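Work through the exercises below with the sequence and the coordinates at hand. Each task is followed by a solution in steps.

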Amino acid sequence: MAFDLSSVLVIGISSRALFDLETSNRVFEEEGLEAYRAYQLEHEKVPLEKGTAFPLVEALLGLNVKAGKPVVEVIVMSRNSPDTGLRVFNSVAHYGLPITRAAFSGGTSLSPYLDAFKVDLFLSKSEEDVQQAVDGGVAAAVLYAPPQTAGRHDDQIRIAFDADAVLFSEASELIYKRDGIEAFWAHEKAHADEPLEAGPFAKLLITLSYLQRHFAPAPSPVRIAIVTARNSPAHERVIQTLRRWGVHVDEAFFLGGLGKEEVLEAYGAHIFFDDQDIHLDGASRVVPSGKVPYKSDSPIRALMPEEK
């Protein structure tokens, strides 16, 4: 009988997110495909160093042992050809990761295969691939470089999310960006009892919340936190929305504009997802972090400063 990917949490991970392939990538960018292919073949037996998402992937795969059944599936998704991608699988074997499935697209877009593999979360270093995933309705993030140190908790997987434009829709954030903080507070207070619309990572949050129930009544090895710039009076709508969704988060931090990095470091996040570089620049120095881009047709993009 075929394995049913719809019954487990599926993580699609690019080879550059799982392993440190920056040297190889520079060869590709500076010398071209043939030089890259030759470099990979020459180093095929040399294990790659761990990348930004490695600790998260390793911990998530460990849940299968703790649950006594498959609850997480990790699939390597790469633009490499099967030939140049062999080094990736050699590195997977070197670290003893129980990853058996992969998609090597030979330079073409990975986006069409995300639905085929029932991917719940796609992590990559490629802004193009992540943007296509988000535009296609898949939770995805562009990973920053790994932090120098990260105080993770070995007994738990700790995942942290920003609120607006990540777990929830960007509608409230649009009000803030367009009309200012006072208008945002007034709107959220007036609509405190109305649930926020789901954002790009809402389904993932709900899936993780469901996954936690596999381990009840014992303490869950998965811990979830919301780390948001919201504060009172804009906090209540978040809590009311989570109640409507039937989701329990273990911790929530309403920071009101304070920097997020110190809280995230104390929390010991395996990964933090946010939509703004202003928060991620600091956070990525202390915990693995990923940027969630707005959809290409998002009205927020019109309010963003043009890149020079």
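A crossing of two helices is right-handed if the near helix is turned clockwise from the far one by less than a right angle, and left-handed if anticlockwise. The model used here is predicted.

**Exercise 1.** Describe the packing of helix 8 against helix 9.

Solution. Two packed helices are described by the angle between their axes and the distance between the axes. Here helix 8 covers residues 171–179 and helix 9 covers residues 181–190; their axes come within 7 Å and cross at roughly 150°. The hand of the crossing is right-handed. Next, list the contact: helix 8 contributes Ser172, Ile175, Tyr176 and Asp179, and helix 9 contributes Ile181, Ala183, Phe184, His187 and Glu188. By class, five of these contact residues are nonpolar, two are polar and two are charged.

**Exercise 2.** How are helix 2 and helix 3 oriented to each other, and which residues meet?

Solution. Start with the axes: those of helix 2 (residues 22–31) and helix 3 (residues 33–42) cross at roughly 150° and come within 7 Å. An angle over 145 degrees counts as roughly antiparallel, and helix 2 and helix 3 are therefore roughly antiparallel to each other. Their crossing is right-handed. On the helix 2 side, the contact consists of Thr23, Ser24, Val27, Phe28 and Glu31, which meet Leu33, Ala35, Tyr36, Tyr39 and Gln40 of helix 3. Sorting these contact residues gives six nonpolar, three polar and one charged.

**Exercise 3.** How many cavities of 30 Å³ or more does the whole structure hold, and which residues line the largest cavity?

Solution. The search finds one cavity of 30 Å³ or more. The volume of the largest cavity is about 60 Å³. Its lining is made up of Leu9, Ile11, Leu56, Leu60, Leu121, Ile159, Phe161, Leu204, Leu208, Ile271 and Phe273. Assign the lining to elements: strand 1 (9–13), strand 8 (157–161), strand 11 (271–274), helix 4 (54–67) and helix 10 (202–212) each supply at least two residues. Finally, classify the lining: eleven residues are nonpolar, with no polar and no charged ones.

**Exercise 4.** Locate Pro233 and Lys118, and state the backbone feature of each.

Solution. Most residues other than glycine have a negative phi, and most peptide bonds are trans. The peptide bond from Ser232 to Pro233 is cis, with omega near 10°. Pro233 sits in the loop between strand 9 (222–228) and helix 11 (236–245). For Lys118, phi is positive, near 55°. Lys118 belongs to the loop that runs between helix 6 (111–116) and strand 6 (121–124).

Methods
Residues are numbered from 1 along each chain as its sequence is written. This is a predicted model: local features need pLDDT of at least 70, side-chain atom pairs count only at pLDDT 80 or more; totals for chains, interfaces and linings use all residues. Side-chain values use heavy atoms; hydrogens and water are left out. Axes are lines fitted to C-alpha atoms, for helices over the stretch in contact, and angles run from 0 to 180 degrees between N-to-C directions. Helices (H or I, at least four residues) and strands (E, at least two) are DSSP runs, numbered from the N terminus. Angles under 35 degrees count as roughly parallel, over 145 as roughly antiparallel, 65 to 115 as roughly perpendicular and the rest as oblique. Contact means heavy atoms within 4.5 Å. Ala, Val, Leu, Ile, Met, Phe, Trp, Tyr, Cys and Pro count as nonpolar, Asp, Glu, Lys and Arg as charged, and the others, Gly among them, as polar. On a 1 Å grid over the protein atoms alone, a cavity is a set of points where a 1.4 Å probe fits but cannot get out, and a pocket is an open set with protein on both sides within 12 Å along at least five of seven lines; lining residues have an atom within 4 Å of a point. Grid points are joined across faces, edges and corners, and a volume is the space filled by probe spheres set on the points.
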